Amino acid sequence: MSTINLRIRRQDNPDSQPYWQAFSIPAAADHNVVSVLLALRDNPVTTSGERVAPVIWDHNCMEEVCGSCAMLINGVPRPACSALIDSLIQPIRLEPMPKFPVVRDLLVDRSCMDASLRRVKAWIEIDGAWDTGLGAPRIAPVAWSANYLYSRCMSCGVCLSACPQFGSHSDFIGAAPLAQVRLMNAHPTGRYDKTERLHAIMGAGGLSDCGNAQNCVRVCPKGIPLTTAIGELGRQTTLQALQDLFGESTPSL
Amino acid sequence: MRIANPHLLLRRLHSLFGLLPVGAFLVFHLWENSQSRFGAAHYNGEVVAVLQRLNYLPVLEIVVIALPLLFHAGYGLVILSQMRAEPRRYRYLRNWLYVMQRVSGIGILLFLILHVGMTRIESIWRVTVREDLFGHMQHLLTQPWIFTVYVVGLLLSVLHLANGMATLGIVWGLTTSAYAQRLFGSVCALFGLLLVAIGIHGLLGFLS
Amino acid sequence: MNTPPQAIVIGGGLAGLWATLRITDSGFPVQLFSLFAFKRSHSVCAQGGINAVLDTKGQHDSIHQHLIDTLKGGEYLANQPPVKSMCEAAPGLVRTYERMGVAFSRTAEGLLDQRLFGGVRNKRTCFAGASTGQQLLYGLDQQVRCRESRGQVSVRVGWEFLSLLQDADGVCRGIVAMDLQNLEIRAFAADVVILATGGFGQIYAPQTTTSTNCTGAAASRCYQQGAWFANAEFFQFHPTAMIGRDKTRLMSEAARGEGGRVWVPRQPQDRRNPSVIPESDRFYFLEEFFPAYGNTVARDEASRAIWHVTRELGLGIRGSDRVYLDLTHLNPAFVTQRLGAILDIYRKFAGTDPLTTPMEIFPAAHYPMGGLWVDFERDDNGGMRPDSPRNQATNLPGLYACGECDAGYHGANRLGANSLLSASFAGRVAGEAVVSYLKGLTPRSPLPEAILCAAVSKQQQLNAVLLRAEGHENPYRLHHELGALMTAKVGVVRANAELIVALDDLRELEQRAARIGLDDRAVWVNHSLVFARQLQDMIHLARMVAASALARDECRGAHYKPAFTMPLPAGRFAGDPEFEDYRTRWQANNERWLKTSIASINPDADPILRYDAVDLSVHPPIEPRDYR
């Protein structure tokens, strides 16, 4: 094929109606979706010859590590930088990631993920950003390996957009912030605030709103075992609920 | 005492009631009705009559079966309202089961209205239903559309229970790793097949 | 009630977040501006690790050795007290990160693991899997989020810094910034401003490993308002990167270390598939040029050799800039085990498998050693005086800079795994310096309303002009021209004749950039407008880089001019007359060029350059570098 053909769903602002435009650019080796969108900016003309505003989308590192460029590509949410053109059926359909409010074109507002991370207290409480002179706590290599998987979450939002329970119709926080609770609760000092984090996800919109469709783990570009985290948190909240109802056992910290 | 997180407790109660007593009752009910195989006399005299002789049976039926079931169904509808499923976009088994769990919930609810109405409710004013349940069921199930509805109701109920058990394992934290979830899912699937076999066996028993 | 003094931090990468944490640690409120959610910052791209001497590998490593390696790697161009303090602080920084929950890789005993990294002999690099920068940034991001939820930080994500607010005395008293959604321009008053906006690799796009937002526009805007820019001519090029249409992705040097061979077809424009090109038609140029080292020759040498073969001999693959980095002759199991991460990246982004098809690579602009000039105060121990308000201060009072946008720590070239360290350290120091600055402030009258209004309306005017402009130049196409021009003429290998041409070309580009016509005239999320502004700032920076490169007639670190090489006399050593003669010339050259170049803005002309002495008080260079 001598051209790359695209159909892009556009939307001028959050309140306007979406519409579709078709574009095509000359084919060349090693194009990906971001590089095609970059090329389009040089000459933003639709296939019908109309000169239009360049497509708006988010991108930065283009190494699938910053999480910016996730969008719906041929109906599947994924980072655009690692979506190689040769592997896609044409015309390639580009749409904004569903479930998030559209800002403009393919740009969506993912700030709710930040709010969720605040809500679940996804951090380790430290006295201050200074050296205490104490060495690092020991962490078994096997525990490290499990934790490292979760620490690579880049808040791209792909897992949320594929989640049937997540969206404007519900207050479910989704897999990504839940996995961070799993991560923080496993840290040698992070576990001091385990109860607080668990209580945060035991409320409305928390862990128990998961419907176990498990699309999240299938679409995660980083292969993070999100459903394992959800299972582990299930166990932690079960124990926590028993403690809340029947009283603490001897503190184990 | 203050309940710290009523939301989680409600969800867990919903999950628990699905297994106990509702799921357990389904297993018992299917086993009970598989006795139809041994003929009208045995079924009416040894199986149904024994149950009917129990003291405070209506209380048991209401407290142990009806109320948990109603809670499970009612709260299930609340959960159902959160679904925005895309089974065609994400063609994964678990996503399909997620949809089916909710669809089957509605199906079971409709089936139960029919089923309970035609049997337990009808028996309140029709003595013949009470005295010869086997005959009553035989009369019903020989009509092809009712038989079909019962088979569908059975399949949906078993699917709902078996898949409900598999997700219950995740929800309560019994199964965490992908391997454990898959393994327990297979166990639940086998259990479901067994229940279907028992159920079909029982339905066919009424036709003999 | 008196409002406490306010600090503004610009940039949500490692340095900016460190500064924010240290300022809030002292109880001062911070307004933190970032173009995007912090997790999107370019810091996440650093894969390798962070250097810190823990000496846990039985190699008798020492902080002194880290200092020496850093200074020598930078060919002595870095001021030594800050480098000394950085090396001393490194273990503490790693321990602090660890407390924040950063998932550093562990040994079998569960202790921090360390590995070997380019250019040094000891295992000194802490790492977190293959995504150390990401892990460090996330640790800080979580801490800042915690403080945000406590009300100590107010975060403005999606705002772009446009200009500094300066009072009549030239003191920096806040910023003007633009909301990237509705293009609203507002003045934000503050008592001090910290710039932590990263590097400017985008002037070499797409042949750069940096993210698309690494335009350097923020630093350029400060420079245009009078901040000095130091050592701009020093830009590190990474020899092995895979060229993409969108960006050039780093392939770790480990690929060469583990036995990868670099070659091109001997025939120019040979269009055959590499697997069918026989050995006799392959030019293993690194092995021929450097018989002693072969493919494992140092980064700089490799970059220059690849440059020579492609740009000067015209032997790039199918006439392009690329050369093969071949792993196909190695045992696939071995390669997969040792280079798994690289193979994954290459497969993911190139779509071919390096186990069966040679990778295609080219040197790419990776890291600017230069940046905004920053001050420091030396203490009695030869390091930086802790908490001095002079540390990390630019020449503009009230403006501090830290991270990749400062010129503080790497001299003429940067040691691998020192960038995460310098970003963290400089951010921390800047935060502490700013606290001292704020504590030392005497009450001042508020910035006159007229200054605020004038600054805002100047920026609004710029937007209005761009939105109305009917020119025919497309900012994105001009950016391609800028990148190609800088790569070709101000790149790996430099010659004065070409630099003079480059400066002319850049002046022309600057004029064309003033004749832009935007395809997008919306006042809602207008990326074209935002980029058109950044492009003009990038061209300013590029002009300064080219002018600085033209002025420095020597080879030092990453700055290489073949006309001014000074090779060691072959076979001669200390005591031989030839060697002593060389030493004399070497000393004379240092006398002339071992200087910090400082560029300052000269409206409508090339920048004014001057040369300041380097503080060599810790470990002065006495012996020429001799790797024989």
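Reply: In chain B of this predicted model, confidence is at its lowest in helix H5 (residues 127-131) of chain B, with a mean of 91, and at its highest in helix H7 (residues 144-171) of chain B, at 98. Chain B as a whole has an average pLDDT of 95, and 98% of its residues score at least 70.

The part to be examined closely lies in chain C. Strand S1 (residues 7-10) of chain C pairs with S2(C) in the parallel sense, over four bridges. Within this pairing, C:Ala7 stands opposite C:Val30 of S2(C). Strand S2 (residues 30-34) of chain C has five of its five residues buried, so it is largely enclosed by the rest of the structure.

Helix H1 (residues 14-25) of chain C packs with helix H4 (residues 132-149) of chain C: their axes come within 10 Å and cross at roughly 35°. The crossing of H1(C) past H4(C) is left-handed. On the H1(C) side, the contact is made by C:Leu14, C:Leu17, C:Trp18, C:Leu21, C:Thr24 and C:Asp25. H4(C) contributes C:Leu136, C:Leu137, C:Leu140, C:Asp141, C:Gln143, C:Val144 and C:Arg147. By type, the residues of this contact comprise eight nonpolar, two polar and three charged.

Helix H5 (residues 217-224) of chain C is mostly covered, with seven of its eight residues buried. The buried residues are C:Ala217, C:Ala218, C:Ala219, C:Ser220, C:Arg221, C:Cys222 and C:Tyr223. After H5(C) comes C:Gly226, which has a positive phi near 115°.

Strand S11 (residues 229-230) of chain C belongs to an open sheet of four strands in the order S18-S11-S20-S21 (chain C), with antiparallel pairing. Strand S18 (371-372) and strand S21 (608-613) of chain C stand at the edges and have a single partner strand each, so one side of each is left without a neighbour in the sheet. In it, C:Ala230 has C:Gly371 of S18(C) as its bridge partner.

Terms used: Residues numbered from 1 in each chain as written. Chains lettered and ligands numbered in written order. Predicted model: local features only at pLDDT ≥ 70, side-chain atom pairs only at ≥ 80, totals over all residues. Heavy atoms only, no water. pLDDT = per-residue confidence, 0-100. Helix = DSSP H or I, 4+ residues; strand = E, 2+ residues; numbered from the N terminus. Axes fitted to C-alpha atoms, helices over the stretch in contact; angles between N-to-C directions. Left-handed = near helix turned anticlockwise from the far one by under 90°. Contact = heavy atoms within 4.5 Å. Nonpolar A, V, L, I, M, F, W, Y, C, P; charged D, E, K, R; others polar. Pairing = 2+ DSSP bridges. Buried < 20%, exposed > 50% of the residue type's maximum accessible area, 1.4 Å probe, protein only.
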